Amino acid sequence: MKISQKQRAKNREAIIQAAVEMIIEKGLKSATMRGIAKAAGVSGATIYNYFPTKESILYAYYGDRFAVTAQTVARMEDLDDLSLQEHLQALFEELLTDFLEDREFLQATFKAVFFSMPPNHKNLKPIQDVFFDCVRGAFEAAVERGELEEQVFQELVVRFYWDYFMGVVVYWMKDSSEQFSDTSILIDKTMALGCATLKAGVVNKAFDICTFLFRNHVLAHLGSPSVGLEVLNVVKESFLGDHDARSDS
Amino acid sequence: MHDQIPNGKLRRTLIGGKTAAKVGGGVIKYLAKKPFLSQQAKQEARKNLDDSSAKAIFLCLSMLKGTALKVAQLLSLELELFPDAVRKELEKSYSQVPPMNRVLARKTAINALKQRPEEVFSSFSPTAFAAASLGQVHEATSPDGLRLAVKLQYPGIRRTIEDDMQLIKGVIRPLPDYRLIAPIMTEIETRLKEEIDYRQEAEYMVFFREKLDIPGVIVPQLWEAGSGSTVLSSTLLQGQPLNQWLATKPSGEERDVVAKRLNAIFIESLYTLNCIHADPNPGNFLVDDDLNVGLVDFGCVKSFAPEFVESYRQLPQTIIRGDRQMYFDMLKDMRFTKDNLPPKVEEKIFETAYAFGEWLGQLYEVEEFDFEKNPGFIAEGKEMSQKLFKHRKYFNSNPEFVFLDRTRYGLLRIFEQLKCRIRIRNPHEWDGA
């Protein structure tokens, strides 16, 4: 029997929701595909049409949450008006707000999903891509406004924000302050530092130093053949000498 | 980039420690110089010391923001026990607060309201328009179109007060006046804890709105739907803070009108309500174009026993009559000093108190007191109060006196700044007035 697209989406959502409830209640290990299917109101076989493994349900949950938040942030009224720091801070805060209801689920699954060894790149990538797009968007907007100069290693910096966010979530999961205000303060402080560093062009300047050193001390020497030969000779001699010594023994 | 409250005890300790070292260094330098200096040079050295320690302290306090800002405000209003240089730096704190950024403010609002601001207000400005004690004030509109002032408490402030006070005490310990300041710090700590209770503040606001009926004085109306334990919404008052208004160079008559209204707020609250707004920070009085005085921030309100108020009422006239014995008896009745003091000590304290009273009495001797023509008046009182304060350890820890004196003194200092002419005699304290 063919089911409608709508019904399919509904089933998928029901399965994810059932998994969240069950994992909160019983823990990640004790939750079974069969049990989740039953709680979601689908048959023990049907669930496999949606998710091949229990883990894939987890990834689907996180993928959905990131996607929903990305939309929420994109729809924010005064988004264009926000500074880089405020924009990124809004992204972090919205993600946590979205996770809040399922905080216990995060505590039970976060490590398995995001810090699994070896990392499950195939499943993580779609989640990360949504996050990267958001961060990249904030950067590009800041560059356009003239708040930030173009970053040489923008992609690297964007990726760094992923690890940073992971750290924030870990802190948040352990935060026992009222309404998790400590996490808000932590985000605020670290974001202020991060954005100040970026705006000061620290990464670009570090890159400048590297290129300077490389040009003056590596490229310049390569340009002079005698030096190059000298180096080659030294290498050759030491290699041969070494070789001779060894063959003597 | 907005500065934020450095949170976390370690970070705060680092800042505090740095300042303590700086202040300490300054004091040592002063002491090292001291034995070799002439009297005049000594004073000069002392002044330099104050300046540099003031800067170091202010730097530290403004970095800590939050509690420290409030302490700075309170201390600057304090009985001028702080060296002048320190006080001047501290006074800057009224206007110089880096605000929470828009996203953090919004998050704080969501936490405080338990809903998103747009669900509570028809509009909410994420940018603060004023700093408040331990928080900041945002403008908003209620669904039925009322313009509101929404006071948001800094996140995490509740937990950090004790740590902060500990730190600040450490910072000011090397100051020459530390022994005098220490007890004040304890009082301030108690007050801070009261002040973060916005529910209590809301009750006081309602109380004053209902009971304080003075022409030209406006108390904002609480907007309950936008209030909670860390958020307080009330109708937005027009006008600018007293200091800013004063900077617009109002005329003498205008200044007199405002001073009269400020005085009426104090006198009426004390004698008809037995309850005063005990935070005469110039930022808490808003003056509008029609010279109406808006009273805001009910974080520090003090109530008095009717018997106490009754005795206090009679003090000025007793002084003017020169009835020394009666004055002493009244101080005794009001339990001004500790019980069972050696008579000589008590006598000495009463003498000092009497001198202070005489100083205050000058205000009542004339129909109208002109602060512009008596520029040294406050300075003289400062000296008197310092003398009185030296006996502090013998005072009964009667908080009623502390708050009453502080408020009254704060008010007089405002009058001095206003350079106003004002009639201090009033029907409550002066027969036939």
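A crossing of two helices is called left-handed if the near helix is turned anticlockwise from the far one by less than a right angle, and right-handed if clockwise. The model is a predicted one, in which local features need pLDDT of at least 70 and side-chain atom pairs count only at pLDDT 80 or more, while totals for chains, interfaces and linings use all residues. Residues are numbered from 1 along each chain as its sequence is written, with chains lettered from A and ligands numbered from 1 in the order in which they are written.

Helices (H or I, at least four residues) and strands (E, at least two) are DSSP runs, numbered from the N terminus. In chain A, α1(A) passes α2(A) in a right-handed crossing. Helix α1 covers residues 5-26 and helix α2 residues 33-40; they pack at about 120°, with axes 8 Å apart. Such axes are lines fitted to C-alpha atoms, for helices over the stretch in contact, and angles run from 0 to 180 degrees between N-to-C directions. On the α1(A) side the contact (C-beta atoms, placed from the backbone, within 7 Å) is made by A:Ala14, A:Ile15, A:Ala18, A:Ala19, A:Glu21 and A:Met22. A:Gly35, A:Ile36, A:Ala39 and A:Ala40 of α2(A) meet them. By class, this contact has eight nonpolar, one polar and one charged residues. Here Ala, Val, Leu, Ile, Met, Phe, Trp, Tyr, Cys and Pro count as nonpolar, Asp, Glu, Lys and Arg as charged, and the others, Gly among them, as polar.

Also in chain A, helix α7 (residues 121-145) packs with helix α8 (residues 154-174) at about 120°, their axes 9 Å apart. α7(A) is therefore oblique to α8(A), since angles under 35 degrees count as roughly parallel, over 145 as roughly antiparallel, 65 to 115 as roughly perpendicular and the rest as oblique. The crossing of this pair is right-handed. Among the residues in contact are A:Phe131 and A:Phe132 in α7(A) and A:Tyr161 and A:Trp162 in α8(A).

Chain B holds an open sheet of four strands, ordered β1-β2-β3-β5 with antiparallel pairing; strands pair if DSSP finds at least two bridges between them. β1 (123-132) and β5 (231-235) of chain B are at the edges with a single partner strand each, so one side of each has no neighbour in the sheet. From one strand to the next, the twist averages 30°. β1(B) pairs with β2(B) (residues 135-141) over six bridges, and B:Ala130 stands opposite B:Val137 in β2(B).

Helix α5 (residues 102-113) of chain B lies across β1, β2, β3 and β5 of chain B, at about 100° to β1(B). Helix α9 (residues 198-211) of chain B lies across β3 and β5 of chain B, at about 20° to β5(B).

Technical notes
Two residues are in contact if their C-beta atoms, placed from the backbone, lie within 7 Å.
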